Amino acid sequence: CETLLEVILFMKGFAALVCHRAARYQWHKKVSPKRRRSLTALFFQSQASAVLGVDIHPAATLGAGILLDHGTGVVIGETAVIGHGCTLLHGVTLGGTGKDHGDRHPKIGHHVLIGAGASILGNIVVGSGAKIGAGSIVLRPIPAGA
């Protein structure tokens, strides 16, 4: 992109991140002493998924400077954490295995590159600076710099 305006108007990965940040704000906004979940947050998530093809749960924690390159098909689960400066290409899934409850999604370190179509599943850690190849299925922790 040559200008910031191009990013704002035409990059759906950026638009999806903006929607996620708004949804996350609503998700953590106290509605009552016992209730935190927000229908507004879920609505933002649903609309971003339908329009942009990017599904990021409002409770997921995303660092600064993340790039969703192309964005289409990216899925980020509820308890996933992504560090600063990470790049996720299209079709990346940060999901659970279906066997666990509670904290069940991956934790991604800083400055990690995740290739197109990669699936990282379960409550595992991918260390900072790691590179995950396109089409990989990751079920075990990855050390930093790998």
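**View A. Parallel pairing of strand 2 and strand 5.** Two bridges connect strand 2 with strand 5 (residues 81-82), and the two strands run in the parallel sense. Strands here are DSSP runs of E of at least two residues, and helices are runs of H or I of at least four residues, both numbered from the N terminus; two strands pair if DSSP finds at least two bridges between them. Leucine 62 has isoleucine 82 of strand 5 as its bridge partner. The model is predicted, so that local features need pLDDT of at least 70 and side-chain atom pairs count only at pLDDT 80 or more, whereas totals for chains, interfaces and linings use all residues. Residues are numbered from 1 along each chain as its sequence is written, and side-chain values use heavy atoms, with hydrogens and water left out.

**View B. The open sheet with strand order 2-5-8-11.** This sheet consists of 4 strands with parallel pairing. Its edges are strand 2 (61-62) and strand 11 (125-126), each of which pairs on one side only. In general, strands of a sheet pair through backbone hydrogen bonds, either parallel or antiparallel.

**View C. The open sheet with strand order 3-6-9-12.** Here 4 strands are again paired in parallel. Strand 3 (67-68) and strand 12 (131-132) are the edge strands, each pairing on one side only. Within the sheet, strand 6 (residues 87-88) and strand 9 (residues 113-114) run parallel and are joined by 2 bridges. Leucine 88 has its bridge partner, isoleucine 114, in strand 9.

**View D. A nonpolar surface patch formed by residues including Leu4 and Val18.** The patch comprises Leu4, Leu5, Ile8, Leu9, Phe10, Met11, Phe14 and Val18, with about 800 Å² of accessible area together. Helix 1 (4-10) and helix 2 (12-28) are the elements that give two or more residues to it; helix 1 supplies the largest share, 5 residues. Patch residues have over 30% relative accessible area and no salt bridge, and nonpolar side chains (Val, Leu, Ile, Met, Phe, Trp, Tyr) are joined within 5 Å. A salt bridge is a side-chain nitrogen of Lys or Arg within 4 Å of a carboxyl oxygen of Asp or Glu. Areas follow the Shrake-Rupley method with a 1.4 Å probe, and for residues only the protein chains shown count as cover. Leucine 5, in helix 1, is exposed at a relative accessible area of 53% (buried: under 20%; exposed: over 50%; partly exposed: in between).

**View E. Cysteine 19 and cysteine 86.** Cysteine 19 is partly exposed, at 28% relative accessibility, whereas cysteine 86 is buried, at 1% relative accessible area. The count of disulfides (cysteine sulfur pairs within 2.5 Å) is 0.

Technical notes
Buried means under 20% relative accessible area, exposed over 50%, partly exposed in between (1.4 Å probe, protein chains only). Patches are made of residues with over 30% relative accessible area and no salt bridge: like charges are joined within 9 Å, nonpolar side chains (Val, Leu, Ile, Met, Phe, Trp, Tyr) within 5 Å.
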